[in-house]
Amino acid sequence: MIEANVVIVDSGLEGCLQNDDNIKGGIYLYQDDTGKLTTQDVYDDLYGHGTAMFNIIKKNCEEATFYFVKIFDKEPYCNQDLLLHSLKYVYKNIKCDFILLSSGAVMINNVKVFNNIVEKLYQDNKSIIISAFNNEGALSYPAADELVIG
């Protein structure tokens with residue numbers, strides 16, 4: 001199991017920063033043209049948001065270690081299946097203190113599935129999830145979950 005203090009679920013990390021001693025690695029989760037959930041080891045940031053989040057946290061927590069789960073590329077958009085898959089991936093593969101999600105889903109088919117993985121991450125892995133609410137103020141998940149700082 002990979003160990004990192006902070007998992008950033010976002011747009012990845014700029015390639016020139018990936019050799020930093022604080023970086024434990026990363027992965028790109030996406031849906032291919034057929035809708036199949038797929039992974040790649042390349043997690044270069046083409047949007048810049050994940051890199052910005054890393055720089056802010058590292059500036060204030062120099063000793064923190066990071067792992068990146070890239071779920072969007074040039075546009076800050078992902079669907080609920082991809083978001084849910086990213087949380088399940090973290091649960092199964094990464095021991096971490098914090099999970100930072102700069103995204104969320106407003107339209108959820110099954111809130112109980114989201115609540116279940118959030119509870120597992122909190123109870124079993126002792127991970128604290130920090131998740132953004134929708135910019136227009138709409139209820140979004142996982143930020144709306146009582147175990148999430150949103």
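Student: What makes β6 and strand β7 (residues 148-149) a pair?
Tutor: Two strands count as paired when at least two bridges are found between them. Two bridges join β6 to β7, and the strands run parallel, so the pair meets the cut-off of at least two. Within this pairing, Ile-130 stands opposite Ile-149 in β7. Keep in mind that this is a predicted model.

Student: How many bridges join β6 to β5?
Tutor: Four bridges join them, and β5 and β6 run parallel. Here Leu-101 is the residue opposite Ser-131 in β6.

Student: How do you know which way the side chains of β6 point?
Tutor: In strand β6 (residues 128-131) they alternate.

Student: What other strands does β5 or β1 pair with?
Tutor: β1 and β5 pair in the parallel sense over seven bridges, with Val-9 standing opposite Leu-101 in β5. Five bridges join β1 to β4, again parallel, and Val-7 has Tyr-67 of β4 as its bridge partner.

Student: In what order do the strands of the sheet come?
Tutor: The seven strands form an open sheet in the order β3-β2-β4-β1-β5-β6-β7, and the pairing is mixed. β3 and β7 are at the edges because each has a single partner strand, so one side of each has no neighbour in the sheet.

Student: How do you know how far the confidence in β7 can be compared with that in β4?
Tutor: By their mean pLDDT: confidence is lowest in β7, at a mean of 88, and highest in β4, at 97. For the chain the mean pLDDT is 90, and 96% of its residues reach 70 or more.

Student: Why is Lys-95 called partly exposed?
Tutor: Its relative accessible area is 45%. Buried means under 20% and exposed means over 50%, so a value in between is called partly exposed. Lys-95 is found in strand β5. Leaving aside neighbours within four places in sequence, Lys-95 is in contact with Met-1, Ile-2, Glu-3 and Ala-4. The C-alpha atoms of Lys-95 and Ala-4 are separated by 6.4 Å, although the two residues are 91 residues apart along the chain.

Student: Why is Ser-11 called buried?
Tutor: Its relative accessible area is 0%, and the label buried applies under 20%. Ser-11 has its place in the loop between β1 and β2. Not counting residues up to four places away in sequence, Ser-11 touches several residues, including Tyr-43, Leu-46, His-49, Lys-70 and Phe-72.

Student: What makes the approach of Ser-11 to Asp-10 a polar contact?
Tutor: The two side chains come to 3.3 Å, and the cut-off for such a pair of N or O atoms is within 3.5 Å. The side chain of Ser-11 also reaches the backbone nitrogen of Gly-50 at 2.8 Å.

Student: How do you know that the length of α1 agrees with a helix?
Tutor: Helix α1 (residues 49-60) has 12 residues, which should span 16 Å at 1.5 Å a residue. Its end C-alpha atoms are 17 Å apart, which agrees.

Student: Which residues of α1 are buried, and what do they pack against?
Tutor: Gly-50, Thr-51, Met-53, Phe-54 and Ile-57 are buried in α1. They cover an arc of only 160° around the axis, which puts them on the same side of α1. The buried residues of α1 pack against β1, β2, β4 and β5. On the face turned away from the buried side are the exposed residues Ile-56, Lys-59 and Asn-60.

Student: Why is Lys-126 called exposed?
Tutor: Its relative accessible area is 59%, and exposed means over 50%. Lys-126 lies in the loop between α3 and β6.

Student: What is noted about the phi of Lys-126?
Tutor: Lys-126 has a positive phi of about 60° although it is not a glycine. Most residues other than glycine have a negative phi.

Conventions
Residues are numbered from 1 along each chain as its sequence is written. This is a predicted model: local features need pLDDT of at least 70, side-chain atom pairs count only at pLDDT 80 or more; totals for chains, interfaces and linings use all residues. Side-chain values use heavy atoms; hydrogens and water are left out. The expected span of a helix is 1.5 Å times one less than its number of residues. Buried means under 20% relative accessible area, exposed over 50%, partly exposed in between (1.4 Å probe, protein chains only). The arc is that of the directions from the helix axis to the C-beta atoms. Contact means heavy atoms within 4.5 Å. pLDDT is the predictor's confidence in each residue, from 0 to 100. A polar contact is a pair of N or O atoms within 3.5 Å; within protein, one must be able to donate a hydrogen and the other to accept it, and residues adjacent in sequence count only if both atoms are side-chain atoms.
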